[in-house]
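Morning, everyone. One structure today, and a few side-chain details. Here it is.

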Amino acid sequence: MVAVSAYGAASADAPLAPLTIERRALGDTDVAIDILYCGVCHSDLHSARNEWGFASYPIVPGHEIVGRVSAVGAKVTAHKPGDMVGVGCLVDSCRTCEPCTEHEEQFCTEQTQTYNGVEKQTGRPTNGGYSKAIVVDAHFVLRIPAGLDPARAAPLLCAGITTYSPLRHWKVGPGQKVGVVGLGGLGHMAVKLAHAMGAHVVVFTTSPGKIADAKTLGADEVVVSTERAQMKAHANSFHLIINTAAASHDLEAYTRLLRRNGTMTLVGAPEHPHTGPNTFTLIMGRRSIAGSPIGGIAETQEMLDFCAAHGVASDIEVIAMADINAAYERMLKNDVRYRFVIDMSTLS
Ligand code: NAP
Ligand code: ZN
Ligand code: ZN
C-alpha cells in the first residue's frame, strides 16, 4: 500500500477537504499513474452530496483522469513508464459476461466504478482522481494520443465518451438533425462531436448568455428552451436528442420535437425524476425515450482517437484543487465554460 494525497468529502453535507488515501501495491496486470489532471463532472457533485442515495464516505470523486505512467506490472505490455494515459468511470469489470465479451463493460453488472466502488483486488473502497496517483488494471487504462493536450483531453474520459457513445449507437451522420439539451460539460462535447460527425446540431439552453459560445462550439442553431415559440419552430424534426440536463424538467417539451421514429436519449441523471412525456406524443410518432451510460473501453479509445483525428477537445477552465468547492457552486449555477479541470500539481 502507498499513501497518496487526495481531496474528498467526509459526509454528504461536508465540503471537500484534504485527506490521505492508500493505493494498492502494483499487481502483475496493473498500471501506476501519476495524475496530472482530473476533470470535474456533475456526477462528482451528485455523488459527493449523496444525491443519488448510494454514496459511501469518505468519498474521493474524479473519473476524468489523465496522467503519466510511473510503473507497470510484469504482465503489462500495452503501456510503459512515461506514457500519457487516461482513466474514466470504470476501473474493472467481470470480463466474462455478455456485455464484457462484447466490449460493453459499461453494462457489466459486476463493474467497478472509479470511485464509490469496491476494489476487487483488496475489498477496499475505490477512490477517484482528485488525488496524486492511482493504480488501475491495464485493461481499463486508455492511451492519450500525442496530438491531444492532456488537460483538454481529461473531460473526454467521461463527458466525451458519454456523448460519443449514443451518437454512434444511433448512427448519427450527415443529413441528420441532432438536438443537445444543456450546454455544460457533456453538452458542449455532444455539440463538438455531433458537428464533427456531420450532423445539423441544435442546442437547447436555459442560459441566453451561452448562445454565441454554442455557435462557436459547432451548433448550427440555438434555442432558448424557455421561449415557447422558438421550441415550437422545431416540432417533429429531430432524429436524435441528447438530453444532458443535470436537473429534472418536463420531457414532453422535447419529445414533441422528435420526428417520426426519433429518439431522445437521457444522459443527464438528476437528483429528482423528470415529468412527462405524454403517452400520445410517444404513440403518434412512434417516438422513443432512451438512456445511455458512458461507453465501453474499446469505444472510449476509439473516441480519443476520433478526437485527435478531428481536432476535438474540451473547452476548459483549469482550477487549483483547493477551488473545488467554489467550482461545485458555480456548476450549480450553470456557470461552467465548459469543464473545470483540476491541475493536480496544486495538490501537495
Ligand atoms: P454540467 O456541466 O453542470 O451541465 C449541465 C447543464 O444542464 C447546465 O450547464 C445547464 O445548461 C443544463 N441545465 C441545468 N439545469 C437545467 C434545467 N433545470 N433545465 C434544463 N437544463 C438545465 O453537468 P455535466 O457534467 O455535463 O453532467 C450533466 C448530467 O449528466 C449530470 O446529471 C451528470 O450526473 C450526468 N452524467 C451522466 C453520465 C452517464 O453515463 N449517463 C455520465 C456523466 C454525467 P444550460 O445553461 O445550457 O441550460
Ligand atoms: Zn462523469
Ligand atoms: Zn462483465
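Which residue lies over the face of Phe-238? Lys-177 does, at 4.6 Å from the ring centre. The criterion for a charge over a ring: NZ of Lys or CZ of Arg within 6 Å of the ring centre and within 35 degrees of the ring normal.

Ground rules, quickly. This is a predicted model: local features need pLDDT of at least 70, side-chain atom pairs count only at pLDDT 80 or more, and totals for chains, interfaces and linings use all residues. Residues are numbered from 1 along each chain as its sequence is written, chains are lettered from A and ligands numbered from 1 in the order written, and side-chain values use heavy atoms, with hydrogens and water left out.

The structure has four aromatic pairs, meaning Phe, Tyr or Trp rings (six-membered ring for Trp) with centres within 6.5 Å; planes under 30 degrees apart are stacked, over 60 edge-to-face, the rest tilted.

Now the metal. Cys-41 (SG), His-63 (NE2) and Cys-158 (SG) coordinate the zinc ion, ligand 2, at 2.0 to 2.2 Å. Donors here are N, O and S atoms within 2.8 Å of the metal (3.2 Å for Na, K and Ca); water is not among the atoms, so sites may look incomplete. Along the chain, the donor spacing reads C-x21-H-x94-C.

How exposed are the cysteines? Cys-41 is buried at 3% relative accessibility. Cys-158 is buried too, at 4%. Cys-97 is partly exposed, at 22%. Buried is under 20% relative accessible area, exposed over 50%, partly exposed in between (1.4 Å probe, protein chains only).
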